[in-house]
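Please look over the sequence and the fold below. The report that follows takes the structure one region at a time.

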Amino acid sequence: MKKTLLFCSGPSGSGKTYFIKNTLPTGLFYSLRSATTRPMRDGESEGNPYFFRDEDYFETEPLATHLWVNQKIWQPGMPKWLYGVPEFEVYEHLGQNLIYDVIEPKYARQMISWFVVNKLNTEYDFKIAYFVPPQNNMKTVESRANMPNDTTVRTLNKCNNEAFRKAGLVPDYTLCPINGVYDAKLTAHIKQLQKQY
């Protein structure tokens, strides 16, 4: 039986982290961690929730995904906010159900392509969950902003029907956990995985 790689895609403030921490059964999925160039925030440490690296790391180390989230507003002299799941992070957790929390569908496409190139797609089913933002998601976005241009960057990184189309992906599930809206198909899939766990 194949394992599941669940992609949680949705704008900032749409409930992805809330869903992963508060809805998924404990231990059913391993949440893949990214490396990032952004500064460490209060309460964070190396590996929790990110691997903190410099820009050179993203030029030299093998990555399953490579995100440049402030590219649209970047100017020379500004730091690049780079993110990406290191290959070792995936390889160390093969054989588990995996979950990847990422705003834009194009990065889910990157990881799927990486699995195919490395012939690991035979071991996993890929499922896409689209998190529709509630009407007040911008208040959540603004409350989280703690770096220059943070709110702007979170707003520019899009996840909508057009973004899925451009990535060649169709969501398997649509939900809005902040408003208590879940997808019955996703709930059924999770229950099926629990039986195999």
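## A buried residue in a helix

At 10% relative accessibility, Ile112 counts as buried. Buried means under 20% relative accessible area, exposed means over 50%, and partly exposed lies in between (1.4 Å probe, protein chains only). Ile112 sits in helix α4. Helices (H or I, at least four residues) and strands (E, at least two) are DSSP runs, numbered from the N terminus.

Which residues does Ile112 touch, leaving aside its neighbours within four places in sequence? They are Phe7, Phe126, Ile128 and Leu169. Contact here means heavy atoms within 4.5 Å. Ala64 is 48 residues from Ile112 along the chain, and their C-alpha atoms are separated by 8.9 Å.

## How to read the values

This is a predicted model: local features need pLDDT of at least 70, side-chain atom pairs count only at pLDDT 80 or more, and totals for chains, interfaces and linings use all residues. Residues are numbered from 1 along each chain as its sequence is written, and side-chain values use heavy atoms, with hydrogens and water left out.

## The largest nonpolar core

In soluble globular proteins, nonpolar side chains tend to be buried together. A nonpolar core is a set of buried Ala, Val, Leu, Ile, Met, Phe, Trp, Tyr and Cys residues joined through side-chain atoms within 4.5 Å. The largest nonpolar core here has 29 residues. Leu5, Phe7, Leu32, Tyr100, Met111 and Phe115 touch the most other members. At least two residues of this core come from each of β1, β7 (98-101), α4 (105-117), β8 (124-131) and α7 (161-167). Helix α4 gives the most, with 6 residues.

Leu5 is found in strand β1 (residues 3-9). Leu5 is buried, because its relative accessible area is 0%. Beyond its neighbours within four places in sequence, Leu5 is in contact with residues including Leu32, Leu98, Tyr100, Met111 and Phe115. Leu5 and Tyr100 are 95 residues apart along the chain, yet their C-alpha atoms are separated by 7.5 Å. With the neighbours within four places again left aside, Phe115 is in contact with Leu5, Val90, Leu94, Leu98, Leu120, Asn121, Tyr124 and Phe126.

## Salt bridges

How many salt bridges does a search of the whole structure find? It finds 5. A salt bridge is a side-chain nitrogen of Lys or Arg within 4 Å of a carboxyl oxygen of Asp or Glu. One of them joins the side chains of Lys2 and Asp125 (3.9 Å, N to O). This pair links distant parts of the chain. Lys2 is in the segment before β1, Asp125 is in strand β8, and they are 123 residues apart. Lys2 is partly exposed, with a relative accessible area of 35%. Asp125 is partly exposed too, at 31%.

Glu89 forms a salt bridge with Arg33, with the closest N and O atoms 3.2 Å apart. This pair also links distant parts of the chain, 56 residues apart. Glu89 is in helix α3 (residues 87-91), and Arg33 is in the loop between β2 (30-31) and β3 (35-36). Is Glu89 buried or exposed? Glu89 counts as buried, because its relative accessibility is 0%. Arg33 is partly exposed, at 25%. A further salt bridge joins the side chains of Glu46 and Arg53 (2.8 Å, N to O). Glu46 is partly exposed at 44% relative accessible area, and Arg53 is partly exposed at 28%.

## Cysteines

A search of the whole structure finds 0 disulfides. A disulfide is a pair of cysteine sulfur atoms within 2.5 Å. Cys8 is buried, with a relative accessible area of 0%. Cys159 is buried as well, at 6%.

## A patch on the surface

Tyr18, Ile178 and Tyr182 form a nonpolar patch on the surface. Together they have about 280 Å² of accessible area. Accessible areas come from the Shrake-Rupley method with a 1.4 Å probe; for residues, only the protein chains shown count as cover. Patches are made of residues with over 30% relative accessible area and no salt bridge: like charges are joined within 9 Å, nonpolar side chains (Val, Leu, Ile, Met, Phe, Trp, Tyr) within 5 Å.

Tyr182 is in the loop between β9 (173-175) and α8 (184-196). Tyr182 counts as partly exposed, because its relative accessibility is 37%.
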